[in-house]
Amino acid sequence: MLAIGLMSGTSLDGVDAALIETDGEGQVRPVAFRTEPYSDAARAELAEATALALTFERPRASPPIVAASDLIVRTHAMVVQKLLRDAGLGAEAVDVIGFHGQTVAHRPDRGWTWQIGDGQALADATGITVVGDFRSADVAAGGQGAPLIPIYHAALAAGLARPIALLNLGGVANVTWIGRDGSLVAFDTGPANGLIDHWMEAEAGQRYDANGALAGSGRVEPTVLDTMMDNDWFDLAPPKSLDRNDFTIQPARGLSAADGAATLTAFTARTVARALDHLPERPQRLLVAGGGRHNATMLAMIAAETGLTPEPTDTLGWNGDALEAEGFAYMAVRRLHDLPISFPGTTGVPRPMTGGVIHHPAGA
């Protein structure tokens, strides 16, 4: 089946769109990929919606969030059209879209997670069947609702020596561990790029720390780092997950721009090292995907903290920018076949279960 996966992460940098051919099991063939950055106005609108959603006890309609949801649908429909153009295909050639939507709040401790973006509206706009709302069923069953990507990691890594770990460095970092017998353990490890990006915007007027250059020029402040690590969450056994806003840059306030960037980058590295202590067995390799793999300072700090050499997934021929979008395309196909996407070892659900709501285009 041909499937499109759409991912808009908590970094609010844009939409990743991937087209793959897959059976939802062992067959995976990437076909096309593109990323569409958000405008500054769109980023501001989504940030406002996120800030508002985090104040709610439960998800509910509110004009800024409804408007942001409409923005998500319009942007994603446009990206689908551009991806199809890139691939030289019409909408009729695609079997399904896996639509993650935009997370505005993730509160499994309260029994909910909230991704905005109307799957039916996207199906109607594109003329393609859409699977959306991947996380809610997992949370309703007592799971964390995240991470969901491990089943795709397992498909990609099927031929590699195990145990192995795949680290995704997005706004939040998560790790997938694949055991010798194929068993999966996965969880969020802590902030990745989210805090650093926030720091760069606040202190340097930049969107992100390109290649970790600013952090590399600074000095890690050990007292601040120790303060940030003094959090019981890091001692919790997995599975566990985070909202991007569960941690703030506040402890680093007062440091220079360079020292703050260095300290927050070191925080990410140390949380990864702490996470590896929770794994059933030390991985032989640490593969790295997501935007953080472009940050040389972060990778060097992770190597120093873990004793493992982080290997960008691109060295294996996998597009490290595309994996999450590809994963949602893969999971959409699994949903059509009623195959599980979350497991006791990845989200904490009591049994393997599928997830996602299917939306067929009007008139289909």
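Which backbone nitrogen does the side chain of Asp188 reach? The model is predicted.

The chain has 11 helices and 12 strands. Its radius of gyration is 19 Å, close to the 21 Å that the globule rule gives for 364 residues, so the chain is as compact as a globular protein of that length. Along the principal axes, the C-alpha atoms fill a box of roughly 60 × 50 × 40 Å.

Next, look at how the chain packs. Buried residues account for 55% of the 364 residues. Take the contacts between residues at least 6 apart in sequence: 70% of them join residues at least 24 apart. The chain exposes about 13,900 Å². Carbon and sulfur atoms supply 50% of that area.

Charge comes next. The chain carries 26 positive and 42 negative charges.

Now go to Asp188. This residue is found in strand E9, which covers residues 184-191. Is Asp188 buried or exposed? Its relative accessible area is 4%, under the 20% cut-off, so Asp188 is buried.

What surrounds Asp188? Leave aside its neighbours within four places in sequence. Asp188 is then in contact with Pro147, Val172, Ala173, Asn174, Trp233, Lys240, Ser241 and Leu242. Leu242 also answers the opening question: the side chain of Asp188 reaches the backbone nitrogen of Leu242 at 2.8 Å.

Ala32 gives another point of reference. Asp188 and Ala32 are 156 residues apart in sequence. In space, they are 28 Å apart, C-alpha to C-alpha.

How values were computed
Residues numbered from 1 in each chain as written. Predicted model: local features only at pLDDT ≥ 70, side-chain atom pairs only at ≥ 80, totals over all residues. Heavy atoms only, no water. Helix = DSSP H or I, 4+ residues; strand = E, 2+ residues; numbered from the N terminus. Rg over C-alpha atoms; globule rule 2.2 N^0.38 Å. Buried < 20%, exposed > 50% of the residue type's maximum accessible area, 1.4 Å probe, protein only. Contact = heavy atoms within 4.5 Å. Areas by Shrake-Rupley, 256 points an atom, 1.4 Å probe, with all protein chains shown as cover. Lys, Arg positive; Asp, Glu negative; His and termini not counted. Charge placed at Lys NZ, Arg CZ, Asp CG, Glu CD. Polar contact = N/O pair within 3.5 Å; in protein donor to acceptor, adjacent residues only side chain to side chain.
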